[in-house]
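Subject: Structure handover

Hello,

Below is the structure I said I would pass on.

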Amino acid sequence: MPSPTLLILPGDGIGLEVMTEVRRVISWFQSEHIIDLEVIEDLVGGAAYDVHGTPLSDETLEKARLADAVLLGAVGGEKYEKLDFSLRPERGLLKLRKELDLFANLRPAQCFDSLADFSSLKKEVVSGLDILIVRELTSGVYFGEPRGIFTEGNERVGINTQRYTESEIERVARTAFDLAMHRACRLCSMEKANVMESGVLWREVVTRVGAEYPSVALSHMYADAGAMQLTRDPKQFDVIVTDNLFGDILSDLAAMLTGSLGMLPSASLGALRKNGRPQALYEPVHGSAPDIANRGIANPSACILSFAMALRYSFDLGTEADRLESAVESALADGIRTADLAQADDQVPVSTTEMGDAILSRLENSKRD
Ligand code: IPM
Ligand code: MG
């Protein structure tokens, strides 16, 4: 059997720096003969635009299609902001999501005990928080037609269309139920069935799929009320499933509950392929952070934790994923902090590489546990 392949797309800004640390983690797993992985690498975002004049070349897209998993750093940067919409770095990411049909976006929001003070909410509200937002990623108002800016009479009108088919709702609901089964068996579906027909259909289809999962407690909430409940008492939730736009907003909200964007990974999964693995893209939730790029101070944890998600969902290495996550958690528990997390004035933050070192040394120690 050929080795499974991982396509690394560092992208732009701090994406490059955090990916360097992920490469070291991968090399460690390889040197321990824990994973047998062929790693290939390519350009995406601004970096791809600079070389190929497009944020995602057809060759790169094809490599992504064939890879067992894709790990992306981040895309974007000031110098690309004046480009035409279709050439912007973000379009590379959106194209990857759409072309690979990565319909289920998993965004865990976990509050590490040692970081509970970073949340803007009270410590007791967030400490121990562990929720998973499953966001539909390839449909809804992000892609619905008609869209555009049109002229009507003597003024212009901007149009986007919220559109969901039953099968699109059904497949993401199924993913969310399957994930809930492996967690606390609670799923809350969020839409706006009180004002949107797409929300009425969403609720109906999720309820229908739910009948196949009697052990999962299903509830429904209007997305606005969901936002309110997420800030009032986030620990009431286990898994949340929602559409593309609400998921975009609610996952940013959930991320900030944890207080540390630099810690949050994500996975975008598509259909299962012949080899039994889903088409999959993993990426940190944070962006390319041009303001701190090239200074060696970015927190590599989110990207390393995204690789842990790849171990779990693409390479059937759940135990190793747990082990890597514990290594990150233990570095934090020992007070090791990159600049985004350094709190006390007298605390000297560690660099990106030093954070990588700290995680690697804990991985190494975990061999002896
Ligand atoms: C996200 C981002 C993207 C989105 C942007 C960069 C296109 O906000 O991944 O949440 O809106 O989906
Ligand atoms: Mg977003």
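**Two residues with positive phi**

H33 lies in the loop between helix 1 (14–31) and strand 2 (38–41); helices (H or I, at least four residues) and strands (E, at least two) are DSSP runs, numbered from the N terminus. Its phi is near 55°, a positive value in a residue other than glycine. H33 is exposed, as its relative accessible area is 73%. In these notes buried means under 20% relative accessible area, exposed means over 50%, and partly exposed is in between (1.4 Å probe, protein chains only).

C185 also has a positive phi without being glycine, with a value near 60°. C185 sits in the loop between helix 6 (166–181) and strand 8 (186–191), and with a relative accessible area of 23% it is partly exposed.

**What you are looking at**

This is a predicted model, in which local features need pLDDT of at least 70 and side-chain atom pairs count only at pLDDT 80 or more, while totals for chains, interfaces and linings use all residues. Residues are numbered from 1 along each chain as its sequence is written, chains are lettered from A and ligands numbered from 1 in the order in which they are written, and side-chain values use heavy atoms, with hydrogens and water left out.

**Overall dimensions**

The secondary structure of the protein chain comes to 12 helices and 12 strands. Along the principal axes, its C-alpha atoms fill a box of roughly 60 × 50 × 50 Å. Of the 369 residues, 52% count as buried.

**Salt bridges**

Side chains of opposite charge can pair when their charged atoms come close. The structure holds 25 salt bridges, where a salt bridge is a side-chain nitrogen of Lys or Arg within 4 Å of a carboxyl oxygen of Asp or Glu. Three of them are described here.

D50 forms a salt bridge with K79, with the closest N and O atoms 3.1 Å apart. This pair links distant parts of the chain, as D50 is in helix 2 (residues 46–52) and K79 is in the loop between strand 3 and helix 4, 29 residues apart. D50 is partly exposed at 43% relative accessible area, whereas K79 is exposed at 63%.

R174 and E212 form another salt bridge, and their closest N and O atoms are 2.6 Å apart. R174 lies in helix 6 and E212 in the loop between helix 7 (197–210) and strand 9 (217–222), so the pair ties together parts that are 38 residues apart in sequence. R174 counts as partly exposed at 25% relative accessibility, and E212 counts as partly exposed at 48%.

The side chains of D322 and R312 also meet in a salt bridge, at 2.8 Å from N to O. Here the link is between distant parts of the chain 10 residues apart, with D322 in helix 11 (residues 318–333) and R312 in helix 10 (residues 301–313). D322 is partly exposed, with a relative accessible area of 41%, and R312 is partly exposed at 24%. Salt bridges that share partners join E166, E170, R174, R208 and E212 into one network.

**Surface charge**

Which residues gather in a patch of negative charge on the surface? They are E78, E81, E90 and D291. Such patches are made of residues with over 30% relative accessible area and no salt bridge, with like charges joined within 9 Å. The place of a charge is taken as CG of Asp or CD of Glu. E78 is found in the loop between strand 3 (69–74) and helix 4 (89–99), and it counts as exposed because its relative accessibility is 61%.

**Two further points**

The peptide bond from E145 to P146 is cis, with omega near 0°. P146 lies in strand 6 (residues 144–152).

T60 is in helix 3 (residues 58–66) and is buried, with a relative accessible area of 1%. T60 and L7 are 53 residues apart in sequence, and their C-alpha atoms are 9.3 Å apart in space.

Regards

Technical notes:
Patches are made of residues with over 30% relative accessible area and no salt bridge: like charges are joined within 9 Å, nonpolar side chains (Val, Leu, Ile, Met, Phe, Trp, Tyr) within 5 Å. Accessible areas come from the Shrake-Rupley method with a 1.4 Å probe; for residues, only the protein chains shown count as cover. Lys and Arg count as positive and Asp and Glu as negative; His and the chain ends are not counted.
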